[in-house]
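Subject: A structure for you to look at

Dear colleague,

I am handing over the structure below, and I would be glad if you read the notes that follow it with the model open beside you.

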Amino acid sequence: MIVLSPEGKARTSAQRVSPLPRFPDLNGKVIGFLDNSKPNNDMLQARFEELLKQTYNIAGVVKRRKLTAQQGAPKADLDELAAQSDFVISGLGD
């Protein structure tokens with residue numbers, strides 16, 4: 001019998017990724033949205049988009065959708081989001 005522990009192990013400092021510098025504001029930025037295809041994510045995403053556009057001078061929006069919540073996003077979609085967006089919001093639904 002094999003027993004697996006769900007605890008996981010803490011990453012060492014060598015494995016951690018440094019955070020990126022923060023934007024001073026979001027004016028003129030392009031937002032990327034990655035929809036995980038769960039129910040209601042489209043409504044949550046639309047509300048975020050609406051609020052960000054009301055608050056900031058958003059330059060544009062790029063949207064991609066995963067086929068299912070269980071699968072990773074296709075590399076091509078991730079590459080497009082990275083190339084065309086200043087930042088990405090990956091949403092959750094349900």
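Of the 94 residues in the chain, 26% are buried, where buried means under 20% relative accessible area, exposed over 50%, and partly exposed in between, with a 1.4 Å probe and protein chains only. Please keep in mind that this is a predicted model, in which local features need pLDDT of at least 70 and side-chain atom pairs count only at pLDDT 80 or more, while totals for chains, interfaces and linings use all residues. Residues are numbered from 1 along each chain as its sequence is written, and side-chain values use heavy atoms, with hydrogens and water left out.

The chain holds 2 helices and 3 strands, these being DSSP runs (H or I, at least four residues, for helices; E, at least two, for strands) numbered from the N terminus, and their order from that end is β-α-β-α-β.

Glu49, which lies in helix H1 (residues 41-55), is buried, with a relative accessible area of 12%. Apart from neighbours within four places in sequence, Glu49 is in contact (heavy atoms within 4.5 Å) with Phe33, Val61 and Lys63.
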